[in-house]
Amino acid sequence: LRCCTAASVVTDGGGGAAEERSLYIMRVVQIAVMCVLALTVVFGIFFLGCNLLIKSEGMINFLVKDRRPSKEVEAVVVGPY
């Protein structure tokens, strides 16, 4: 039971260097995993935002094509020709 407590890891005299090294490796792995997850979230939000921006521009262009110019604009454009 003594080997499973947190106090025995800190105060254990024998094999402390190996346990300390494994704790250090575990901590580095945890930090690396958290960095990868954070980058995944950041890039996911970025690409989702870009996708929504592209879709909104497409919707705006679709709505602009549906609008017809007034007859006055056609008269001005056709007049000089």
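Rings of Phe, Tyr and Trp (its six-membered ring) are taken as a pair if their centres lie within 6.5 Å, with planes under 30 degrees apart counted as stacked, over 60 as edge-to-face and the rest as tilted. The structure examined here is a predicted model, in which local features need pLDDT of at least 70 and side-chain atom pairs count only at pLDDT 80 or more, while totals for chains, interfaces and linings use all residues. Residues are numbered from 1 along each chain as its sequence is written, and side-chain values use heavy atoms, with hydrogens and water left out.

A search of the whole structure returns two aromatic pairs. In one, the ring centres of Phe 43 and Phe 47 are 6.3 Å apart and the planes meet at 25 degrees, so this pair is stacked. Phe 43 and Phe 47 are separated by about one helical turn, because they lie four residues apart in helix H2. In the other, Phe 46 and Phe 47 have ring centres 5.3 Å apart and planes at 65 degrees, so the arrangement is edge-to-face. How buried or exposed is Phe 47? With a relative accessible area of 53%, Phe 47 is exposed (buried means under 20% relative accessible area, exposed over 50%, and partly exposed in between, with a 1.4 Å probe and protein chains only). Phe 43, at 45%, is partly exposed, and Phe 46, at 47%, is partly exposed as well.

Turning to the overall fold, the protein chain has three helices and zero strands (DSSP runs numbered from the N terminus, H or I of at least four residues for helices and E of at least two for strands). Along the sequence this reads as α-α-α. Of the 81 residues of the chain, 1% count as buried. The accessible surface of the chain comes to about 7700 Å², of which 72% belongs to carbon and sulfur atoms (Shrake-Rupley method, 1.4 Å probe; for residues, only the protein chains shown count as cover).

UniProt, in an unreviewed entry, lists residues 31-54 as "transmembrane region"; such positions are given in the numbering used here, feature names are shortened, and annotations may be inferred rather than shown by experiment. In the model, residues 31-54 are 100% helix and 0% strand, with the end C-alpha atoms 34 Å apart.

Leu 37 sits in helix H2, which spans residues 16-66, and is partly exposed at 48% relative accessible area.

Finally, the cysteines may be considered. The count of disulfides is zero, a disulfide being a pair of cysteine sulfur atoms within 2.5 Å. Cys 35 is partly exposed at 45% relative accessibility, and Cys 50 is partly exposed at 29%.
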